[in-house]
Amino acid sequence: MIPLPRELRACRDCGKAVLITVTRLGRYLLVDPRPDDRGNQACYRAEPRTWHSRSLDAAGALPPAAWEHRYVPHVATCTPPARQEALPIPLPPNVTRLDPKRRRARRRPR
Ligand SMILES: [Zn+2]
């Protein structure tokens, strides 16, 4: 079973399409939008726009049923864009940096 495009959402971290499923514990689990035999989540559409998932790695978990397909949890494939370090901003000549002096003042013994 393949989710419909309207059932997908964009991941907040990487922006890729994900399917939001509900686990047996009632928690949300994001999975990649295409079935994948490497996946460890058995997912199926329980109601329109509502997908359920269960872990196949859990103790005593049954193999996927005929109505379930394997999906990969999105956390395994999510690749958020690398965050850029803050660049040292050149300060105007009439501005004094205070942070190095503050750091030095804290270390000074009393
Ligand atoms: Zn992501």
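The structure is a predicted model, in which local features need pLDDT of at least 70 and side-chain atom pairs count only at pLDDT 80 or more, while totals for chains, interfaces and linings use all residues. Residues are numbered from 1 along each chain as its sequence is written, and side-chain values use heavy atoms, with hydrogens and water left out.

Ideal angles at a metal are 109.5 degrees for four tetrahedral donors.

C14 lies in the loop between β1 (8-10) and β2 (17-22), and H74 in the loop between β6 (69-71) and α1 (99-107), so the pair ties together parts that are 60 residues apart in sequence. The element names refer to DSSP runs numbered from the N terminus, with helices (H or I) of at least four residues and strands (E) of at least two. H74 counts as buried because its relative accessibility is 4%, where buried means under 20% relative accessible area, exposed over 50%, and partly exposed in between (1.4 Å probe, protein chains only).

## Salt bridges

A salt bridge is taken as a side-chain nitrogen of Lys or Arg within 4 Å of a carboxyl oxygen of Asp or Glu, and by this rule the count comes to three salt bridges.

| Pair | Distance |
|---|---|
| E7 and R45 | 2.9 Å |
| R38 and D36 | 2.6 Å |
| R54 and E68 | 2.8 Å |

The bridge of E7 with R45, with its closest N and O atoms 2.9 Å apart, links distant parts of the chain, as E7 is in the segment before β1 and R45 is in strand β4, 38 residues apart. E7 counts as buried at 9% relative accessibility, whereas R45 counts as partly exposed at 27%.

The bridge between R54 and E68, with a closest N to O distance of 2.8 Å, has R54 in strand β5 and E68 in the loop between β5 and β6, so the pair ties together parts that are 14 residues apart in sequence. R54 is buried, with a relative accessible area of 11%, and E68 is buried as well, with a relative accessible area of 7%. The side chain of E68 also reaches the backbone nitrogen of A65 at 2.8 Å, a polar contact being a pair of N or O atoms within 3.5 Å, where within protein one must be able to donate a hydrogen and the other to accept it, and residues adjacent in sequence count only if both atoms are side-chain atoms.

## A surface patch and its surroundings

I20, Y28 and L30 make a nonpolar surface patch of about 300 Å². L30 belongs to strand β3 (residues 28-31) and counts as partly exposed at 31% relative accessibility. L19, placed in strand β2, counts as buried at 0% relative accessibility. L19 and L30 are 11 residues apart in sequence, and their C-alpha atoms are 5.6 Å apart in space.

Patches are made of residues with over 30% relative accessible area and no salt bridge, like charges being joined within 9 Å and nonpolar side chains (Val, Leu, Ile, Met, Phe, Trp, Tyr) within 5 Å. Accessible areas come from the Shrake-Rupley method with a 1.4 Å probe, and for residues only the protein chains shown count as cover.

## The loop between β4 and β5

P48 is placed in the loop between β4 (41-47) and β5, and P48 counts as exposed at 71% relative accessibility. R49 is also in the loop between β4 and β5 and counts as exposed at 53% relative accessibility. The phi angle of R49 is near 70°, a positive value in a residue other than glycine. From P48 to H69 the separation is 21 residues in sequence and 17 Å in space, C-alpha to C-alpha.
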